[in-house]
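Here are my notes for you, as a set of numbered points. Please keep the viewer open while you read, and look up each residue as it comes along.

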Amino acid sequence: MSQLKNIQDKEVPVWLPRLAVHGGPRFLQIADALQAAVAEGSLKPGERLPTQRQLAAQLDVDLTTVTRAYDEARRRNLLEGRGARGTYVTAPKVELNAVLDLSMNTPPPPDGVDFDDMLKQGLSQVLMRADNEQLMTYHLAGGSDSDRQAGARWLAPMFGHVDTQQLVVCPGAQAAIAALILALTEPGDVILAEAMTYPGLRAAATQLGRRIIAVEADQHGMLPEMLEQACRQHQPGLVYLNPTLQNPTAVTMPAHRRKELASIALRCNVRMVEDDPYWLLADTPPSPIATFAPEQVYYISTLSKCLTPGLRVAFVLIRDPQERERFLAALRSFALMGAPLTAALATQWIVDGSAQGLMEGVRKEARLRHWMARDILAGRYSGDGDGLHVWLALPAYWNSAQFARAAESEGITVMPAEAFATGSLSVNAIRISLGGIKDRGRLQAALQRLSHLLAQRP
């Protein structure tokens with residue numbers, strides 16, 4: 001863009017172009033020049049501009065042209081007037097106006113962990129040690145020997161020793177859930193789940209033509225007597241449970257309840273899917289249900305909630321070899337394989353200890369965020385300080401869908417109870433995810449705005 005130092009011996013700001021005769025309306029040429037100067041950095045936020053009369057004289061145009069140019073620049077959020085003090089370049093508003101996302105359960109970025117460096121170092125080690133051609137070709141589903149060995153190490157806190165032959169590496173927990181439904185049930189079969197449950201289960205079941213029926217739960221999770229009754233009434237193909245820091249209610253099922261449900265699975269000969277993404281984030285969680293009924297329960301542990309969703313790696317523990325083969329066949333029908341490169345990266349991180357360090361950082365940061373939520377949402381917060389989300393009961397004058405819409409109008413997204421309901425909606429609550437907003441200060445601002453909104457009647 002050409003620049004003009006003077007017009008007819010008048011000093012002109014260096015950011016202004018020569019006004020072209022055939023360059024369109026002059027006020028738009030001036031506004032476009034302002035926008036380009038702000039983008040390039042030759043005009044800085046807070047910098048004072050010439051008065052409209054000064055600029056009109058410098059450019060040898062009439063005052064109305066400059067007035068229209070400044071008005072257009074204000075419309076574009078480039079300038080702001082400060083009364084008698086003049087006109088100034090505004091600070092960028094993109095960050096301030098960005099949506100504050102409290103709707104997605106994502107691990108928060110931990111302090112003291114240089115994720116970029118960790119990623120570079122991990123990939124460097126993978127590329128040095130692996131056959132690069134093997135990383136870029138087709139593989140049989142289920143993971144390599146080294147990936148399954150890493151999976152056994154990942155599951156050791158839950159189970160102790162794990163036979164790697166019983167492990168399958170999957171491209172994420174959602175793929176694992178869909179493959180289990182395909183492998184173990186038929187179209188029209190019933191899947192039993194709690195009344196409030198993971199939306200991905202409902203999405204997979206609906207797409208595959210299975211029916212979800214809700215089983216009543218209390219403050220400890222699914223009620224054993226109601227599960228047994230439902231098993232005898234509906235002859236379900238599967239029971240789905242998320243017993244640790246349950247999504248969305250954040251309930252951790254106690255050990256005695258887990259044993260009771262495992263006993264019912266054995267007594268009724270019904271298979272269970274134990275989806276357990278938050279076990280490693282919880283403070284002293286009970287042993288998985290799969291430890292009490294290993295032949296009846298299929299256990300899923302994903303890296304998405306403890307490390308990062310981008311790895312797309314989950315480990316599935318399936319004891320029976322024939323059912324494992326059926327599962328692999330189902331998985332191959334829609335996800336031929338996981339990405340070898342990200343699986344190798346996950347394996348490298350687990351083996352060299354990086355995964356443990358990252359997970360400890362995520363756990364620490366998540367707890368700090370829970371403390372913040374407890375302080376700001378005083379009187380309404382009901383969590384235990386672990387995991388990635390809070391289940392917040394609403395006052396009677398709000399319903400969950402109405403509150404979610406009101407929050408969205410304030411620039412905040414939350415998940416209403418309707419998103420998790422498998423039966424008739426009987427809960428008036430929202431789920432608040434604490435990890436999606438990177439900056440802790442912005443999370444604090446979002447929670448404060450929600451607190452103010454909760455106090456208002458719609």
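1. A word on burial to begin with: a residue is called buried under 20% relative accessible area, exposed over 50%, and partly exposed in between, using a 1.4 Å probe and protein chains only. At 29% relative accessibility, Arg 82 is therefore partly exposed, and Glu 80, also listed at 29%, is partly exposed too.

2. Now for the background. Please remember that this is a predicted model, where local features need pLDDT of at least 70 and side-chain atom pairs count only at pLDDT 80 or more, while totals for chains, interfaces and linings use all residues. Residues are numbered from 1 along each chain as its sequence is written, and side-chain values use heavy atoms, with hydrogens and water left out.

3. Next come the salt bridges, each being a side-chain nitrogen of Lys or Arg within 4 Å of a carboxyl oxygen of Asp or Glu. How many salt bridges does this rule give? The count comes to 15. One of them joins the side chains of Arg 82 and Glu 80, with N to O at 2.8 Å. Elsewhere, Asp 32, Glu 72, Arg 75 and Arg 76 are linked in a network of salt bridges.

4. Helices (H or I, at least four residues) and strands (E, at least two) are DSSP runs here, numbered from the N terminus. Asp 111 is exposed, with a relative accessible area of 57%, whereas Arg 440 is partly exposed at 30%.

5. Arg 440 also forms a salt bridge with Glu 365, at 2.7 Å, N to O. This pair links distant parts of the chain, with Glu 365 in helix α14 (residues 354-376) and Arg 440 in helix α16, 75 residues apart. Glu 365 is buried, with a relative accessible area of 3%.

6. You will find Glu 274 in strand β12 (residues 272-275). A polar atom of the Glu 274 side chain lies 2.8 Å from the backbone nitrogen of Ala 290. Beyond neighbours within four places in sequence, the residues in contact with Glu 274 (heavy atoms within 4.5 Å) include Leu 241, Pro 243, Tyr 298 and Tyr 299.

7. On to the rings. Rings of Phe, Tyr and Trp (its six-membered ring) pair if their centres lie within 6.5 Å; planes under 30 degrees apart count as stacked, over 60 as edge-to-face and the rest as tilted. The structure holds 4 aromatic pairs. In one of them, Phe 115 and Trp 349 are edge-to-face, 6.0 Å centre to centre with 70 degrees between the planes. Phe 115 belongs to helix α5 (residues 115-129) and Trp 349 to helix α13 (residues 340-352), so the pair ties together parts 234 residues apart in sequence. Phe 115 is partly exposed at 32% relative accessible area, but Trp 349 is buried at 1%. The rings of Trp 398 and Phe 403 have centres 5.2 Å apart and planes at 90 degrees, so that pair is edge-to-face. Both Trp 398 and Phe 403 are buried.

8. Finally, some backbone details to check. Asn 247 and Pro 248 are joined by a cis peptide bond, with omega about 20 degrees, and Pro 248 lies in the loop between β11 (238-241) and α11 (255-268). Gln 235 is not a glycine, although its phi is positive, at about 45 degrees. Gln 235 sits in the loop between α10 (224-234) and β11, and counts as exposed at 61% relative accessibility.

Technical notes:
A polar contact is a pair of N or O atoms within 3.5 Å; within protein, one must be able to donate a hydrogen and the other to accept it, and residues adjacent in sequence count only if both atoms are side-chain atoms.
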